[in-house]
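Here is a walk through a predicted model, written for someone who has not seen it before. Keep the structure in view while reading.

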Amino acid sequence: MSDCNTRIIAPSLLAADWSKVGEEVRRAEQAGADWLHLDVMDGHFVENVSFGPQFVAAVRPQTRLPLDTHLMMTRPDKYLDRFIAAGSDRITVHVEAQHDVRETLRRIRAAGLGCGLSLNPATPFDTVVPYLGEIDLLLVMTVVPGFGGQAFMEAETMPKVAAARDHREQLGLSYHIEVDGGIDQRTVAIAASHGANVMVAGTALFGQTDMAAAIVAMRG
Ligand code: DX5
Ligand code: ZN
C-alpha cells in the first residue's frame, strides 16, 4: 500500500472512449497509471448519470490496477455491497450524501477495502474533521462534480487541501489526499504544493494520444 507521500496518478475512466472501454483500461495500465478512477454518478446527487456496479465488474478483469471507485450518489450505503462485490479496491463516498457516514466508512473497511470520504467545493472542511481518524483517503473535489472537462476551482479548494495536510500531521494520521476535477499539467503542481498526492485526471490523460508522456509529466 503506497504511503501518502507517494504521488499517485489515477486516470478517470469518465473521459475514456466508452465504445472501447477494455482497450482504454489497458491503455491506461500500459501508460503507467497507478490507479484507475471510476466516477459513479446516480443522476440525483450530481446532474449526470455515468455507470453502475455491472460496469465496474466488467472493468475488473481487464486490469490489475487498483479500482478507485468514487460514488457520487445520494445513497451510497444502499448500493455499497454491489460495488464491493464488483471488485473495487477502494470506495469513496460523499459526506454530503444521505447516509450514516461513519457506518458506511466502517462497512467499506470491514470488507477489506480502502475507505475514502469526499467533499464538494462548497462544503466546509470542518464537515469532514470528525471522520479523519476513520479514513484511508480524503477526496477534495476541485470541481462541482458531474462532468469532466471543467475548470479547476483553486481558491475554493486549495485551502481545504492544505487543511487536510495540516490536520493529518497534527493528528498523526496517514490518509491520502486526492483531488479530482480540472487536474492537468499546470494544476497538478498547485494541488501537490498544498499537500495532495493522489491526482485524478480524465481529460488531461485519456484525452491525450500519448498518455504515457502525460503521466510522466504529471508525476513532476
Ligand atoms: C466529477 C468527475 C470529474 C472527472 C475528472 O465531475 O469526477 O472530475 O473525474 O474530470 P476532468 O479530469 O476531465 O476534469
Ligand atoms: Zn471522481
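**Pockets and ligand**

The largest pocket of this predicted model has a volume of about 240 Å³. Its lining is made up of 24 residues, and those closest to the centre of the pocket are Gly148, Gly149, Gly181, Gly182 and Gly202. Sorted by class, the lining of the largest pocket holds twelve nonpolar, nine polar and three charged residues.

What takes up the space of the largest pocket? It is ligand 1. Strand E2 (36-41) and strand E8 (198-201) are the elements that give two or more residues to the shell around ligand 1.

The shell itself can be read residue by residue. There are 19 residues around ligand 1, and Asp39, Gly146, Asp180, Gly202 and Thr203 come nearest. By class, this shell divides into nine nonpolar, eight polar and two charged residues.

Which part of Gly202 lies 2.7 Å from an oxygen atom of ligand 1? It is a backbone N or O atom. Gly202 is also one of the residues closest to the centre of the largest pocket. Asp180 uses its side chain instead: a polar atom there lies 2.8 Å from an oxygen atom of the ligand. At Gly149, a polar backbone atom is 2.9 Å from an oxygen atom of ligand 1. How much of the ligand is covered by the protein? Taken alone, ligand 1 exposes 370 Å², and the protein buries 98% of that area.

A further pocket can be found elsewhere in the listing of residues. The second largest pocket has a volume of about 160 Å³. Of the 14 residues in its lining, Ile135, Asp136, Ser174, Tyr175 and His176 are the closest to its centre. By class, the lining of the second largest pocket divides into six nonpolar, four polar and four charged residues.

How values were computed: Residues are numbered from 1 along each chain as its sequence is written. Chains are lettered from A and ligands numbered from 1 in the order in which they are written. This is a predicted model: local features need pLDDT of at least 70, side-chain atom pairs count only at pLDDT 80 or more; totals for chains, interfaces and linings use all residues. Side-chain values use heavy atoms; hydrogens and water are left out. A residue is near a molecule or strand if one of its heavy atoms lies within 4 Å of it. A polar contact is a pair of N or O atoms within 3.5 Å; within protein, one must be able to donate a hydrogen and the other to accept it, and residues adjacent in sequence count only if both atoms are side-chain atoms. Accessible areas come from the Shrake-Rupley method with a 1.4 Å probe; for residues, only the protein chains shown count as cover. On a 1 Å grid over the protein atoms alone, a cavity is a set of points where a 1.4 Å probe fits but cannot get out, and a pocket is an open set with protein on both sides within 12 Å along at least five of seven lines; lining residues have an atom within 4 Å of a point. A molecule sits in a cavity or pocket if more than half of its atoms lie within 2 Å of its grid points. Helices (H or I, at least four residues) and strands (E, at least two) are DSSP runs, numbered from the N terminus. Ala, Val, Leu, Ile, Met, Phe, Trp, Tyr, Cys and Pro count as nonpolar, Asp, Glu, Lys and Arg as charged, and the others, Gly among them, as polar. Grid points are joined across faces, edges and corners, and a volume is the space filled by probe spheres set on the points.
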